[in-house]
Structure formats: C-alpha cells, structure tokens
Amino acid sequence: MLKIKYIGQCGFIVTSEDNSLRIAFDPVLNDITDSSGNTIRCYPPVIPCEELNADYIFCSHDHIDHLAEETLLQVSKISPETKYIVPNGCKEILLNLGISEMQIITLSDLEEVTISSRLSVKAFSAAHPVHQLDKNGQDHNLCYAVKMDGKQLLHPGDTYKTERLMANIRSLGTIDLFFPPINGRDDKREAEGIIGNLFPEEACDIVNEADILNTIPTHFDMIKGNTEDPQRFIAAFRNKGCKGNYFIPSLDKEITLI
C-alpha cells in the first residue's frame, strides 16, 4: 500500500505503508509571483517545507512550478539527507543552490537506476513541447517511471502526447498509477511563453492505449490563467470508456493505492 498526498500542480508526496520510505514529485512549497511581485498561485503552499520530509525528491524539469529553487534550497537546509533526482541538464541549478553533488542523482532519456531494493526509476524524454536536448546534449524534461514497494508510478511532469512517448509508456508494462497533466494548451498561453500540456481527452487516450490501472490528473488548479476543470477529465474518462480507476486529487484528502 502507498499513501498519496497532493500538494498542488504536479506535486505529490508518496509514502510507504510503514512510513519508512517517502518520495516527492515536483514539490512547490513557495510563492510564485509575476513581474510586478503579485502572486500567481491560486492558493498558498499547503504545507511548509519542514513537513515535506522526503527521502527522495524528483523534479521533472526546470520550470519554476516543477523545480522550485526556493523550496529545494529550504529543504536542503532542513533535511540534509534528502536526495534529488533531476534531468542531467538541471544538475547545475542544484549545485548553484549549494546542494552537494553527493545528494544529486541525474538521469537522461532511457536511463534506469536502482536506488534501493524498494525504489528504482526509469526516465524517458517528455515532449515539452518537443523531444529535444540542449546544445550540450543534455536532457531538461523527463518523465519518471518509479517502482516503489512493488508499485509502478508514472509521473510525466509536463508533456504532449507523441508516438515516442506512447512507445515508452507501453514498454513499461502495467502502470499502477499515472499522473497526467491535463491543463491543455492554446495560442494565447503559448504566445505568452506558457508551454502547454495534455488535454484531458489526450490523457484519457493514453490510459486506453497503455496498461494503466489508476489515474490521478494533475496540473489543473494552482497557477492563475493556467487551469482546467477536472470535470472535463471525468467526462472524457467516462465517454471514452477508460478502464481502471481515476481519483481527482484534493489538497486535504489522502489517496490510498492498494
């Protein structure tokens, strides 16, 4: 059994049944402001950094609503034993925060690492908006397939649906829990430099095209002007006859994955 706590955007804390192993995906526990200093969060951080208590933190890519430097800096001071799993192109960001190289695990496309007998991860490229490396050949946007206590979790961060993505997802076999971002995309946001995501309908297509048992939609409620109604996901899930279960995450309710 795993316990799943939603902390906003694509952020989740996943804890083992006996509380002896705890990981976090894309935690953002600080304010985010616009150029005028006004908050663009729809609600404040749901917990302080002191309560994260993660053994491992996964950051999918280097956008401020996924790799939150202020959060990571605070956590590194509070929990010096925490380790960070990031794309290889993001390592320099953590080093500049003063996080020790010994605490950083970097991954690239199709790389797999066994962290312990209870935790392993395979990474593959996320299309954000396309699959690409930087000029130095480094990945900056990764999906993570994490095996934790016998359960496989797929956290894609931000991504579009591509054939390359689907081939990698199908290669994983059974996925116990999928966290798709569902806030979609449009010309207005892209003109403002806001790269989009899956539409709710595309997330449901992925569920139907892969072996996915449970789905928790993400990235729909935290940033002003970049939200989506999760009811649209529910409607698509039902209309497309998706198999398995879905859970709409709530900031005040823990989800149990059995």
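Biologist: What is the length of the polar contact that joins the side chains of H131 and S125?
Modeller: This is a predicted model, in which local features need pLDDT of at least 70, side-chain atom pairs count only at pLDDT 80 or more, and totals for chains, interfaces and linings use all residues. Residues are numbered from 1 along each chain as its sequence is written, and side-chain values use heavy atoms, with hydrogens and water left out. A polar contact is a pair of N or O atoms within 3.5 Å; within protein, one must be able to donate a hydrogen and the other to accept it, and residues adjacent in sequence count only if both atoms are side-chain atoms. For the side chains of H131 and S125, the polar contact is 2.8 Å.

Biologist: Which residue is joined to H131 by a side-chain polar contact of 2.7 Å?
Modeller: Contact means heavy atoms within 4.5 Å. Leaving out residues up to four places away in sequence, H131 touches S125, A126, T162, R164 and L165. The polar contact of 2.7 Å joins the side chain of H131 to that of T162.

Biologist: Where does H131 lie?
Modeller: Helices (H or I, at least four residues) and strands (E, at least two) are DSSP runs, numbered from the N terminus. Between H131 and L21 there are 110 residues in sequence and 32 Å in space, C-alpha to C-alpha. H131 lies in the loop between β8 (119–125) and β9 (142–148).

Biologist: Which peptide bond is cis, with omega near 0°?
Modeller: Look at P129, which is placed in the loop between β8 and β9. The cis bond, with omega near 0°, runs from H128 to P129.

Biologist: How many residues of strand β1 are buried?
Modeller: Buried means under 20% relative accessible area, exposed over 50%, and partly exposed in between (1.4 Å probe, protein chains only). Strand β1 covers residues 2–8 and is largely enclosed by the rest of the structure, because its count of buried residues is 6 of the 7.

Biologist: In β14, what is the bridge partner of L2?
Modeller: Two strands pair if DSSP finds at least two bridges between them. β1 and strand β14 (residues 255–257) pair in the antiparallel sense over 3 bridges. The partner of L2 in β14 is L257.

Biologist: In β2, what is the bridge partner of I4?
Modeller: β1 and β2 run antiparallel and are joined by 6 bridges. In β2, I4 has as its bridge partner V14.

Biologist: Is Q9 buried or exposed?
Modeller: Q9 sits in the turn of the hairpin formed by β1 and β2, with 2 residues between the strands. Its phi is near 60°, a positive value in a residue other than glycine. With a relative accessible area of 0%, Q9 is buried.

Biologist: Which residue in β4 stands opposite I23?
Modeller: β3 pairs with strand β4 (residues 56–58) in the parallel sense, over 3 bridges. In β4, the residue opposite I23 is Y56.

Biologist: Which residue's side chain is joined to that of T15 by a polar contact of 3.1 Å?
Modeller: T15 is in strand β2 and counts as buried, because its relative accessibility is 7%. Neighbours within four places in sequence aside, T15 is in contact with M1, L2, K3, L21, R22 and M148. The 3.1 Å polar contact joins the side chain of T15 to that of R22.

Biologist: What is the relative accessibility of N168?
Modeller: N168 has its place in helix α3 (residues 163–170). Not counting residues up to four places away in sequence, N168 touches L110 and F124. N168 counts as buried because its relative accessibility is 14%.

Biologist: What is the relative accessible area of D149?
Modeller: D149 lies in the loop between β9 and β10 (151–155). Its phi is near 50°, a positive value in a residue other than glycine. D149 is partly exposed because its relative accessible area is 33%.
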